[in-house]
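Have the sequence and the model open side by side.

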Amino acid sequence: MVKERARILVVGGGYVGMYTALRLQRRLKRELQRGEVEITVVTPDPYMTYQPFLPEAAAGAISPRHVVVPLRRVLDRCHIVIGEATAVDHAERTATITTLATEEEGTGGQRLPYDQLVLAPGSVSRTLPVPGLADHGIGFKTVEEAIGLRNHVIEQMDIASSTRDPAIRDAALTFVFVGGGFAGVEALGELEDMARYAARYYHNVQPEDMKWILVEASDRILPEVGEEMGRYTVTELRRRNIDVRLQTRLESCADRVAVLSDGARFPTRTVVWTAGVKPHPVLAATDLPRNGRGRLTCTPELSIEGTTHAWAAGDAAAVPDVTAGEPGRECAPNAQHAVRQAKVLADNIVHTLRGEPLQTYEHAYAGSVASLGLHKGVAHVYGRKLKGYPAWFMHRAYHLSRVPTFNRKARVLAEWALAGLFKREIVSLGSLEHPRAEFELAAGGKPSQDPPDNPKGSS
Ligand SMILES: Cc1cc2nc3c(=O)[nH]c(=O)nc-3n(C[C@H](O)[C@H](O)[C@H](O)COP(=O)(O)OP(=O)(O)OC[C@H]3O[C@@H](n4cnc5c(N)ncnc54)[C@H](O)[C@@H]3O)c2cc1C
């Protein structure tokens, strides 16, 4: 029984948003039925993206619709609003929301009142003012980007296969990835593996013709798996002929030439930018406290510091890591923390509504697993180090156990089983991104296309 009626607003439908709302709708089932509680989730997409599966989606090992979880089905007792929070006035307990309808109506944002706020818009790619990056760079945070990149890579192989110009061929077959964290290493590992496999179906493109380059500013990659496993990953990637350049930065990618700080220059049509994340910019449009890096400053109970009834977790939140034994240390922005924080956050909202004491968030980082392509991986979990096939198997087993809903688990498992029986898919369906192009041409119009080096329009 809650003490007073509560309207809970959850901003974001990712890890934190979905898991918080899911737990709230379970724990407040009776209150929801009696109308004492109302949960509204505002999110730009009607699905939650299981980001650790994006590299496998890019490699074609998992269909795009199986790496996302439909929010309306999972959160069937919540109101789902497809839109974006553009500002939050916590002093007034209101958020400003824009939806597709408000855009069409031209009415501007709607003000949505709430009693409890969960602010979880996650993060966006952290870019730098590198010349040409905004025009040519490709991100790797969304399912659209992952599938766009897959189509783009296969299309580059098609271009290389059909040109007689060595300069065009060379640029098409050069793939530069910037950033040696999870996203960059896994995306490169999976896509190189897929392209190497696909090359057997091209009469004039050999795996040796392709240049795969990983550029990392620090002296190591994959810090999440520890120093030793990071070194192993460098050796393993180099063994596959991948050019790993440590202590190197991308200085420019203007005019389709990647210029590196070590003086190397690579004409290329593919620069994938995975050099870290920063908190979502919407946080700047709130009256809530943020730290120097723009994350919401939180207490160990996951409320936003100095406020009541405002909560945050995940990539957008600076949550003290109470297990670190070092004051000022924050939890890293990863799914491992996001999922566990969501559980404590939801429980603390329930405790607040019932007038009970709050819980503290406490989780010691357990380590990580990463896939480097089919049957290749690296892991460092609970002190155990694994490489090659066992690490890859562990990666799959772990993420299968973690992907939300039994429905998704069954679909992903079925896809993996089928891929083991049949050959890998190597088709590019980039034309899906322009479904009207053919009809526009038939009707005498001019097909609208994005620039050719934009992955969303390139294939
Ligand atoms: C390619 C890749 C691989 C990864 N692999 C791993 C891994 O193996 N292990 C691991 O631990 N972590 C991994 N991560 C990191 C992990 O996915 C993130 O830490 C986690 O998603 C953070 O959860 P979140 O809820 O804070 O943000 P998200 O899951 O990103 O959710 C944020 C949500 O907020 C929505 N949103 C944004 N702006 C607004 C707005 N204005 N209004 C309303 N909604 C908004 C977004 O659309 C999104 O739905 C990976 C990340 C990537 C990109």
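The shell around the ligand is made of 18 nonpolar, 11 polar and 4 charged residues; here Ala, Val, Leu, Ile, Met, Phe, Trp, Tyr, Cys and Pro count as nonpolar, Asp, Glu, Lys and Arg as charged, and the others, Gly among them, as polar. In total, 33 residues surround the ligand, with G12, G14, Q51, G122 and G314 the closest. A residue is in the shell if its C-beta atom, placed from the backbone, lies within 6 Å of the molecule. Two or more shell residues come from each of α1 (15-27), β2 (37-43), β5 (79-89), α9 (182-198) and α11 (335-354). Those labels are DSSP runs numbered from the N terminus: helices are H or I of at least four residues, strands E of at least two.

Keep in mind that this is a predicted model: local features need pLDDT of at least 70, side-chain atom pairs count only at pLDDT 80 or more, and totals for chains, interfaces and linings use all residues. Residues are numbered from 1 along each chain as its sequence is written.

Now zoom out. The chain splits into domain 1 (6-123 + 278-354) and domain 2 (133-275 + 366-421), with bounds from an automatic or database domain assignment. Both domains give residues to the ligand shell, so the ligand lies between them.
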